[in-house]
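Try each task before reading its solution.

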Amino acid sequence: MKTYKIISIAMAALLTACNSNDGDYDASGIFETTEVIVSAKANGEIMALNIEDGQIVRQFVPLGYIDTLQLAYQKDQLRANRVATNSRVLNTSQQIASINEQIAIQKRERKRYEQLVKANAATQKQLDDINYQIQVLEKQLAATSEQINSTNSSLQNQSTGIDAQLAQIDDKIYNSVITSPINGTILTKYVEKGEYAAPGKALFKIADITDMKLRAYVTASQLTSLKIGQKVRVYADQGEADRKEYQGTVTWISDKAEFTPKTIQTRDERANLVYAVKISVKNDGLIKDGMYGDVKF
């Protein structure tokens, strides 16, 4: 009789536990984070890469660099070319000063001969010759000015082209500095100092594990009670029999149904079509990528 009582009590406790577990969560899923693979942007030997797996790094803080010696040489050569180009720019006023002086002299002579012609002390031909000389000098002045402007414009274009090349070199030098595009934790380091890098070659993988996303799946009936920005309770496993509660925020809800993933449980196991949702959770360091979690709405 006592044996039957013990069995009855045990069965009742088991049923109670099962009923309790049914209400422990509304959906379950897997914690994930956005991983970023940082690749090289320049060619050359990796001179330094001061990171290790698990290291926390800050956004845009230099972590290493790729050899820039040849770029520095190219930059020096371009600077020298720019100085030489600018030195060939002509001073317009100096180049045409002599012609202007000749024109001024001839105009003074014209005034003098105009007076002489009126006094019958000089011939009209002499005055016409002076006017002709002035016309020749003025045409020479216009041609010289145009030539000087054309030469200076060409030199200016060359100088602008050199400035553009210098900007390209500066950009290559900037891209030779290895940084992370986000604040995060180094997950995997792919290369070491001394290896050769080329644009697109993976250097390391990083993720911001302080902000985890629980991707869970809900049924259509549950979807009607969810909205973006809604606060929910999230549970992460801690050991074999313990769970830790976190506050989560619904940040994304899929607008398309999909078949229930085999590794995911829902409140209604009979549901074939479910909707994916993402819940943002601030990580205290205990939540790991790929860990299972539950959510209570």
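Predicted model: local features only at pLDDT ≥ 70, side-chain atom pairs only at ≥ 80, totals over all residues.

**Exercise 1.** Find which residue forms a salt bridge with R215, and state where the two residues lie.

*Solution.* 
- Start at R215. Its salt-bridge partner is E32, with the closest N and O atoms 3.4 Å apart.
- Now place both. R215 sits in strand β10 (residues 211–218) and E32 in strand β1 (residues 27–32).
- The two are 183 residues apart, so the pair links distant parts of the chain.
- Look for a network. E32 and R215 are linked with K278 by salt bridges.
- Follow K278. It lies over the face of W252, at 5.6 Å from the ring centre.

**Exercise 2.** Decide whether K205 and E35 are buried or partly exposed.

*Solution.* 
- The side chains of K205 and E35 meet in a salt bridge at 3.6 Å, N to O.
- This pair also links distant parts of the chain: K205 is in strand β9 (residues 202–207), E35 in strand β2 (residues 35–39).
- Buried means under 20% relative accessible area.
- K205 has 18% relative accessibility, so K205 counts as buried.
- E35 has 37%, so E35 counts as partly exposed.

**Exercise 3.** Locate Q222 and say what its side chain reaches.

*Solution.* 
- Q222 lies in helix α5 (residues 220–223).
- Its relative accessibility is 12%, so Q222 is buried.
- The Q222 side chain reaches the backbone oxygen of D26 at 2.8 Å.

Note on methods: Residues numbered from 1 in each chain as written. Heavy atoms only, no water. Helix = DSSP H or I, 4+ residues; strand = E, 2+ residues; numbered from the N terminus. Buried < 20%, exposed > 50% of the residue type's maximum accessible area, 1.4 Å probe, protein only. Polar contact = N/O pair within 3.5 Å; in protein donor to acceptor, adjacent residues only side chain to side chain. Lys NZ or Arg CZ within 6 Å of the ring centre and 35° of its normal. Salt bridge = Lys/Arg side-chain N within 4 Å of Asp/Glu carboxyl O.
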